[in-house]
Amino acid sequence: QVQLVESGGGSVQAGGSLRLSCAASGYTYSSNCMAWFRQAPEKEREGVAVIDSNGLTGYADLVKGRFTVSKDNAKNTLYLQMNNLKSEDTAMYFCALRGGPCVVTLIRSFYPDWGQGTQVTVSS
């Protein structure tokens, strides 16, 4: 049973930074894709960033240059460094996993396993 547990959310002023973490357990995939998604109130869940087992990354246009996704394979932990945060970044942030050979994508339906989310609130 795959478990994904996010942490690191909180409240920050615009222009500030936060680092999210997602601890993964319960899987044995030697290759996988892990991604961050976010969902603001009354909006669809949208992809933010993705990384595969080889370190190949992809980002949504809205966060390019501000957010950096990384992964510590030894700790099975996914990270999202968020800099220069804006009020429109306010959302619940979720991590997602797809095991096995995969392609770097931010299509929500591609990912079968999800965490419970961590809230990020950016005040202007």
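Hi everyone, let's start with one serine: S21 counts as buried, because its relative accessibility is 18% and the cut-off for buried is under 20%. Before I go on, please keep in mind that this is a predicted model.

So where does S21 sit? It is found in strand β3, which covers residues 18-25. Leaving out residues up to four places away in sequence, S21 touches V5, E6 and S7, then W36, and also T77, L78 and Y79.

As a reminder for anyone new, a disulfide is a covalent bond between the sulfur atoms of two cysteines. How many disulfides does the count come to? It comes to two.

Let's take C22 and C95 to begin with. These two form a disulfide, and their sulfur atoms are 1.9 Å apart. The link of C22 and C95 is right-handed, with 40° about the S-S bond. This pair ties together distant parts of the chain: C22 belongs to strand β3, C95 to strand β9 (residues 91-99), and 73 residues separate them. Are these cysteines buried or exposed? C22 has a relative accessible area of 0%, so it is buried, and C95 is buried as well, with a relative accessible area of 0%.

Now for the other pair. Here C33 is joined to C102 by a disulfide, with an S to S distance of 2.1 Å. The link of C33 and C102 is right-handed, with 95° about the S-S bond. Again, distant parts of the chain are linked: C33 lies in strand β4 (residues 32-39), while C102 lies in the loop between β9 and β10 (113-114), 69 residues apart. In this pair, C33 counts as buried because its relative accessibility is 0%.

If you like to see the pattern written out, number the bonded cysteines of the chain in sequence order, and the pairing reads 1-3, 2-4.

What volume does the largest pocket have? About 220 Å³. It is lined by 14 residues, and the closest to its centre are R38, K43, E46, L62 and E88.

Technical notes: Residues numbered from 1 in each chain as written. Predicted model: local features only at pLDDT ≥ 70, side-chain atom pairs only at ≥ 80, totals over all residues. Heavy atoms only, no water. 1 Å grid on protein atoms, 1.4 Å probe; cavity = no way out; pocket = protein on both sides within 12 Å on 5 of 7 lines; lining within 4 Å. Points joined across faces, edges and corners; volume = space filled by probe spheres on them. Helix = DSSP H or I, 4+ residues; strand = E, 2+ residues; numbered from the N terminus. Buried < 20%, exposed > 50% of the residue type's maximum accessible area, 1.4 Å probe, protein only. Contact = heavy atoms within 4.5 Å. Disulfide = S-S within 2.5 Å.
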